[in-house]
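Welcome! Please take a moment with the sequence and the 3D view, and then we can walk through them together.

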Amino acid sequence: MSLTVLLLGVIVRVSLGFPDAGMELAEVQFPAVPNIATAALNQLLDANRNHALVLSKALEKRGSVRVAFPDAGETKLAKNAWKNESDNIKISSIKAGLDSDSGKSILVVMPGFNVDEWLDMEKLRIGPPIIVLNGEMDRVRGGYYPRIFYPGLHRVKDRFLNKFEPIFFLKQFGSGLGVLFRKYPEPWQTLFRDSDGSLRLIAVDQTRPAYQDVEKRFRYEQIQQYEGNRK
């Protein structure tokens, strides 16, 4: 069984529980494909479309699901791929928005390749809980887009995007250096990959650590590992 399949099993269980925790906005972020660093855009889109179907079918247990894809092209591909699926799963693009029958859950798939997709995403906040799947929202929160050049995006970030709770988050650092992991409601875990390939817990944080701090931890562990090998 692949790591992606195992991750999806955990994500489905966590996602089904998040509305009961009183959250309205949730984020799921994980490597959509094993070779995430070298994957082409079409590979990421195809993989996330498949992951979205798995998650949608799970969320359907709570009632009808509305799935919003980044653009019209992705929406068409999803409709063709999912044409034999349940009528309780409705598909549209982020820009097109949703009708008044918005269902019990809204799943937004991989927004952010175009900045406007984050802006249009706010229009989907019409009642039901929203889950964003692999939206790379840290690029907005982390200052990748300067406020002076993207004032509209920062206004949306301040009043909307910053409110998303990471209910499942797995980010790889470097070329197999380690990962930052969080599964709601547990704390954030920094895990370093030792020379034998295993992951070792090196830090636990109640709030999300800054990426610079995570990288410093990994550099320290690398030095310790190097010094240990020299002895």
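Among contacts in the chain between residues at least 6 apart in sequence, what percentage join residues at least 24 apart? Here 59% of them do, where a contact means heavy atoms within 4.5 Å. Before going further, note that this is a predicted model, in which local features need pLDDT of at least 70 and side-chain atom pairs count only at pLDDT 80 or more, while totals for chains, interfaces and linings use all residues. Residues are numbered from 1 along each chain as its sequence is written, and side-chain values use heavy atoms, with hydrogens and water left out.

Now for the overall picture. The chain has 7 helices and 9 strands; these are DSSP runs numbered from the N terminus, with helices (H or I) of at least four residues and strands (E) of at least two. Of its 231 residues, 48% count as buried, meaning under 20% relative accessible area, whereas exposed means over 50% and partly exposed lies in between (1.4 Å probe, protein chains only).

Let us stop at helix 3, residues 72–81. Its buried residues are Glu74, Thr75 and Ala78. They sit on the same side of helix 3 because they cover an arc of only 100° around the axis, the arc being that of the directions from the helix axis to the C-beta atoms. These buried residues pack against helix 2 (41–59), strand 2 (65–69) and strand 3 (89–93). On the other side of helix 3 you will find Ala72 and Lys76, which are exposed. At the start of the helix, a side-chain oxygen of Asp71 comes to within 3.1 Å of the backbone nitrogen of Gly73.

Next, look at two loops. Met110 lies in the one between strand 4 (105–109) and helix 4 (115–121), and its phi is near 50°, a positive value in a residue other than glycine. Met110 counts as buried, at 13% relative accessibility. Glu136, in the loop between strand 5 (130–133) and helix 5 (138–141), also has a positive phi near 50°, but with a relative accessible area of 38% Glu136 is partly exposed.

Finally, follow the chain to strand 7 (178–183); Pro185 is in the loop between this strand and strand 8. The peptide bond from Tyr184 to Pro185 is cis, with omega near 5°. Strand 8 (residues 188–193) and strand 9 (residues 199–205) run antiparallel and are joined by 6 bridges; two strands pair if DSSP finds at least two bridges between them. Thr190, for example, has Ala203 in strand 9 as its bridge partner. The two strands form a hairpin with 5 residues between them, and Gly197 in the turn has a positive phi of about 95°.

Notes: A polar contact is a pair of N or O atoms within 3.5 Å; within protein, one must be able to donate a hydrogen and the other to accept it, and residues adjacent in sequence count only if both atoms are side-chain atoms.
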